[in-house]
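Here is a short report on one protein chain. Look at the structure first, then read on.

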Amino acid sequence: MSDLVFTPAYQLARMIRDRQVSAVEVLDAHLTQIAKHNSKLNAICTLDEDNARARAKLADEALAKGENWGALHGVPITIKDIFETAGLRTTAGYIPLKDYIPQQDATVVARLKAAGAVILGKTNMAELAGDYQSTNSLFPRVNNPWNIDYTAGGSSGGSAAAVAAGLSPLDLGNDFGGSVRQPAHFCGVYGLKPTDRRISTAGQIPEVPGMPLCIRQMMTVGCFARSLEDIRLCFSLIAGTDPRRPDVPPIELDTPSGKFLQNLKIAMLDEWAEVPVASSIRDAMVAIAQTLSQAGAQIERWLPKNFDLSKTLNLYGRMAAYLNIYAQPIDRYNVRRSLELIFRTATQGDKKLRRLGNFSRLLPELLNPSLKGYFEALTLRDRFTTQMDEALEPWDVWLCPVAATPAFTHRPPWSTVDIDGRLYPYGVANGAYTMPFNLSGHPAVVIPIGQTQNGLPIGMQIVGKRWREMELLAIATELDRVIGAFSYPSGY
């Protein structure tokens, strides 16, 4: 193993800039790691070796002439296969897009290229980003680097697996119901879901090319890394206004308050009463609370007054139905697949939990959507966001689980998950702790906090105030220094 493949992106950039190592050497180390391990992980679905090598050579030549392209000069990175990349196949794991080669980069891809990044290739994902496992009809399923019999999560499983296994130091993902946070938790890496509409989604699928822009709420662009410094760097490069998405507001990045751990007021929830988490996750959350308390943090168990999880998940489902109805292709294959998934989530798992997260009750709205219904859902969402803003105001951050389950063994999409002997509906097991913050629009970062008895990672969600990502990341860094639970999977 080369140490280069587990060196953070920001350090690689400095080493390349200081001529301690060349961009070509860094690229070669990652290509060797990919050749050795990707065949069992299936994390990278399209490798662009020739163009990556040509750009790495240009990066070295530019430095020799005194030119610096930016903060990621010569650093190889990967991109989730949901973001368009000019001249490079972009499929979103969807058969009709198997030969789709975009003419233009997604805005976030263009911004990372402008900062000097070298695009290694595209990372594998769930078909059209519609699953909490990363399986599709084009490429083999993504396996978890900690145990290949387990899923890496979804929909950005390839992104998280690639970063965890040293195939890439940095990857872009997106998050509509946990697609950054859940894979980060499953694979033991850091992941950020920013504030709703903080980052442009131009050039992202869905929508499938040719469809109108429908997903205007709850969808965010985020990133994966093995350090919070890399998360901060990536976020600062891709955030900001975009002529292609005029709804992204011109809000400058915030300045962190500089609070020390002892001055932070931290709220914590180890589980929703309605959706108990796996005992391993609960134990890890309790241990973290004790560790932070002993380090001097003010930490208190807390849940917003009048918070109703059932109503929250129902409203999330209504919004998701309206946003996706015209974004998803209406072909026989996709309709049949969607109906199969709705049937499974409506009929499988503990009856009480099934009622809590039974998105099949939204089928009438999917089949007969109305403009009035959409505006009613938007109004309720605005109200929920305001309530969450007010509730979070006294706190610096809110600590929560990422999911009710750690990584689980591979299974058919939307099948039940056994958590401590109780069968959970798939969407509840994976999304009950992430969907509320897509609905409210609040930013959240995931950090590793430990492992299960069988060696699978456990992550924790740190939720912050809207438009305060830099403060959130600064606080996460303070917490991470005390917790210090990040580790590498063995064998890579």
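This is a predicted model. Start at the surface. Ile330, Val335 and Leu339 form a nonpolar patch there. Together these three residues have about 280 Å² of accessible area. Leu339 belongs to helix H10, which spans residues 332–347. Is Leu339 buried, exposed or partly exposed? Leu339 is partly exposed, because its relative accessible area is 44%, and that value falls between the cut-offs of 20% for buried and 50% for exposed.

Now turn to helix H1, residues 9–17. Which of its residues are buried? They are Ala9, Leu12, Ala13, Met15 and Ile16. These residues cover an arc of only 165 degrees around the axis, so they sit on the same side of H1. An α-helix has 3.6 residues a turn, so residues three or four places apart point the same way.

Just after H1 comes Arg19, with a positive phi of about 65 degrees.

Last, step back to the whole chain. The protein chain is divided into domain 1, residues 1–238, and domain 2, residues 261–469. Taken over C-alpha atoms, the centres of domain 1 and domain 2 are separated by 24 Å. How many residues does the contact take from each domain? Domain 1 gives 52 residues and domain 2 gives 59 residues.

Terms used: Residues are numbered from 1 along each chain as its sequence is written. This is a predicted model: local features need pLDDT of at least 70, side-chain atom pairs count only at pLDDT 80 or more; totals for chains, interfaces and linings use all residues. Side-chain values use heavy atoms; hydrogens and water are left out. Buried means under 20% relative accessible area, exposed over 50%, partly exposed in between (1.4 Å probe, protein chains only). Helices (H or I, at least four residues) and strands (E, at least two) are DSSP runs, numbered from the N terminus. The arc is that of the directions from the helix axis to the C-beta atoms. Patches are made of residues with over 30% relative accessible area and no salt bridge: like charges are joined within 9 Å, nonpolar side chains (Val, Leu, Ile, Met, Phe, Trp, Tyr) within 5 Å. Accessible areas come from the Shrake-Rupley method with a 1.4 Å probe; for residues, only the protein chains shown count as cover. A salt bridge is a side-chain nitrogen of Lys or Arg within 4 Å of a carboxyl oxygen of Asp or Glu. Domain bounds come from an automatic or database domain assignment. Contact means heavy atoms within 4.5 Å.
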